[in-house]
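Welcome! Let's take a friendly walk through a protein structure, one topic at a time.

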Amino acid sequence: MLGGLTPAARGRLLALGSLARYPTGRVVIREAEETTFVLVLLDGVVKATARTDDHRDALLAVRMGGDLVGEFAAVDGRPRSATVTTCGAVVARVVTRADFLGCMRQEPGIAQAVNASIVAKLRVATSHRVDFTGCDAPTRLARVLYQVIMTYGERTGADRAVIRWPITQPELATLAGAAEPTVQKALRRLREAGVVSTGYRTFWVENLTELRRLAFT
């Protein structure tokens, strides 16, 4: 979101609140709590998760430097809809609801950017549900991996990319709407085919072209 603001508007937003630094694994927002502050992420990666009826943690989204986190509660004042956890060292501005809403009222450009950011998140959620209709589990997993790597990954070559934050197999299973054993089997096949590989806190896609073919053809 920050990248879509003018330098003046970006400076106005970043002047709000206080600077905070969080270590890896820190819960910065907890599902159902009644807090309303907003985090403006400056550096690092966080993941948003929600608890399912069968007591699993479903991965909802990943956010990184330049994104807003927690703006839904700031806008409507309702309890938090997700838990947000750092996936490494994170630097952010912590902005109160009053300051955030006041800034939006005074700065139409910032209000428009925030609204566009919220709409974009809702569009992604809708597209995710539509894309998965009628797909088998391996195809859904391939689509999840391709979407995550293209959105949040780092390109390391013409056909190679890496995610430098931990994403677990249970989280991949919830994103793909599949049972964990099914995802484990599909991942094993992708590794054996040389499409993906894993390392400490990293996930590599070795062949983006093949992953895209598996996901969308």
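**A loop, a ring pair and a charged patch**

Alanine 32 sits in the loop that runs between strand 2 (27–29) and strand 3 (38–43). Keep in mind that this is a predicted model.

**The loop residue**
- Alanine 32 has a positive phi of about 80°, although it is not a glycine.
- Is alanine 32 buried or exposed? Its relative accessibility is 53%, so alanine 32 counts as exposed, because the cut-off for exposed is over 50%.

**The aromatic pair**
- The structure holds one aromatic pair.
- The ring centres of tyrosine 146 and phenylalanine 216 are 5.7 Å apart and their planes meet at 80°, so the pair is edge-to-face.
- This pair links distant parts of the chain: tyrosine 146 belongs to helix 5 (residues 137–152) and phenylalanine 216 to helix 8 (residues 208–216), with the two 70 residues apart.
- Tyrosine 146 has a relative accessible area of 16%, so it is buried, because buried means under 20%.
- Phenylalanine 216, at 34% relative accessibility, counts as partly exposed.

**The positive patch**
- Which residues gather in a patch of positive charge on the surface? They are Lys185, Arg188, Arg189 and Arg191.
- One of these residues, lysine 185, has its place in helix 7 (residues 180–192).
- With a relative accessible area of 43%, lysine 185 is partly exposed, because this value falls between the cut-offs for buried (under 20%) and exposed (over 50%).

Technical notes:
Residues are numbered from 1 along each chain as its sequence is written. This is a predicted model: local features need pLDDT of at least 70, side-chain atom pairs count only at pLDDT 80 or more; totals for chains, interfaces and linings use all residues. Side-chain values use heavy atoms; hydrogens and water are left out. Patches are made of residues with over 30% relative accessible area and no salt bridge: like charges are joined within 9 Å, nonpolar side chains (Val, Leu, Ile, Met, Phe, Trp, Tyr) within 5 Å. Accessible areas come from the Shrake-Rupley method with a 1.4 Å probe; for residues, only the protein chains shown count as cover. A salt bridge is a side-chain nitrogen of Lys or Arg within 4 Å of a carboxyl oxygen of Asp or Glu. Lys and Arg count as positive and Asp and Glu as negative; His and the chain ends are not counted. The place of a charge is taken as NZ of Lys, CZ of Arg, CG of Asp or CD of Glu. Helices (H or I, at least four residues) and strands (E, at least two) are DSSP runs, numbered from the N terminus. Buried means under 20% relative accessible area, exposed over 50%, partly exposed in between (1.4 Å probe, protein chains only). Rings of Phe, Tyr and Trp (its six-membered ring) pair if their centres lie within 6.5 Å; planes under 30 degrees apart count as stacked, over 60 as edge-to-face and the rest as tilted.
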